Amino acid sequence: MPVDDHHHDHDRYHDHHRGNDHEDRFEVRLGEALHQAGGAYDTDRRALVAAGATRGHRLLLRRRAAVVAGVASVALVGLGGALLVPGGDDGRQSVATGARTPVASATPKASYTGDELIGMLEKLLPRGEFSSAQARGTDDKLPPYAQVVHNDGKGKAAIAVGFDRVLPGSEQARQTVECPDKVPTPYDRCVVTRLSDGSALRIFQGYEYPDRRADTKLWTADLVTPKGQHVSVSEWNAAAEKGAPVSRAEPPLSTARLKTLATAGAWLGVVDAIPVDPRAPTAAPAQPSGIDGRAVTSTLVSLLPKGVKVVAKSGPDSGYAYVVVDDGKGRSLVQINVQPNMSDVEDQLFGADAETLADGTKVVTHKEPGEKGGAGVVMWTADTIRTDGFRVVISAFNSGSQVTAATRTTPALTTKQLRAIALSAKWRGLG
């Protein structure tokens, strides 16, 4: 998974906050990236409160991921079963069987220090100069990683590798190796490959800031084995993932070299050396919890007002829904989350400004600036919660994506229309 919050990312309405120091930021981001379920939509801060709970309730998708991330169109059955992927490499996914399988070390170590991980990373990289190395070993409570700045003579570039475990067959495992949806997370290319032993490898070529593609590029490779071993490689075309100027046109490792680095057998021994949490679950749930994203999508489409045409929509397995509509005045993104059992965050989401209906349902509406970087983007939201904690929150934007500039003055749906959609009795039939 990319060491980046664009593909977290985990629930659709999640936003990650980082510290001021570069090393601390990287460690936090790496830990979040390795632990999150995937990718991609952020919205208002109120929805942030619900993100963690939503992740457990739906086991979403979402998350991200993705992140962004995002994230549709792959079914990975137990990571050792069939990988079902709609074809194409124009930002979609493809499967190649018979690809090289990583081979674990015959004599794995009991633990690895940060210095050892740095040495292993430098040995596996092409010749060049190394600097600014930082790492964390396997005995730390946080996931181990190693990062160096590499210069092959064509400019400095940060390269990092991180390690973690995911539960085989879980949503987190699946999301870690699926490609983000391009609506919330613009990128150049993403390819998912199944190796001969059932491992899955995702190669992603995108951007540190998807809304500013002229800036830092972020390329990643994520390997997840049938045992749940997760190796994540990230590289940038700058000496740091944040705060450093672009130093070269592209990151130094080609997609072939990214694959070679991510599938190096020595890394599997590092994952095996991570202490096992005795409290961690040992088996994935038989079926994903939460409300099926396909049902959410079809219900949302059925509730749209007349005069708007759906020009894009979320995939069948996203665990929430979005549509991009056009009423003849430009594209407008509309996204919705349907979340049961949200009573524990009701007081944080619905304050004194909330309207209480006769049946006890609380409703709030907001008009706020967008928070994903698109120039001039505004976000209109209707948020509702029933007395049993059944929450429906829907937002509309004056652009076809949160990370692209506004294409119209206001969203295609009014707050009154959003409110009516959120309060529809059809949602109860899904939950």
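Start by selecting C179 and C190: these two cysteines form a disulfide, with their sulfur atoms 2.0 Å apart. Keep in mind as you look around that this is a predicted model. Zoom in on the S-S bond and you'll find an angle of -90° about it, which makes the link left-handed. Now follow the chain out from each end. C179 sits in the loop between α4 (171–176) and β6 (189–194), while C190 is in strand β6 itself, so to speak a link between distant parts of the chain, 11 residues apart. Are the two cysteines buried or exposed? Both C179 and C190 are buried.

Next, select helix α3, residues 114–124, and color G114, L117, I118, M120 and L121, the buried residues of the helix. Turn the view until you look down the axis of α3: the buried residues fall within an arc of 165°, so they line one face of the helix. What covers them? Show β3 (129–136), β4 (145–151), β5 (156–165), α5 (255–262) and α6 (266–272), which are among the elements covering those buried residues.

Last stop: helix α7, residues 293–303, where you can pick out T299. T299 counts as buried because its relative accessibility is 10%, below the 20% cut-off. Which residues does T299 touch, leaving aside those up to four places away in sequence? Select K426, W427 and L430 to see them.

How values were computed: Residues numbered from 1 in each chain as written. Predicted model: local features only at pLDDT ≥ 70, side-chain atom pairs only at ≥ 80, totals over all residues. Heavy atoms only, no water. Buried < 20%, exposed > 50% of the residue type's maximum accessible area, 1.4 Å probe, protein only. Helix = DSSP H or I, 4+ residues; strand = E, 2+ residues; numbered from the N terminus. Arc of directions from axis to C-beta. Contact = heavy atoms within 4.5 Å. Disulfide = S-S within 2.5 Å.
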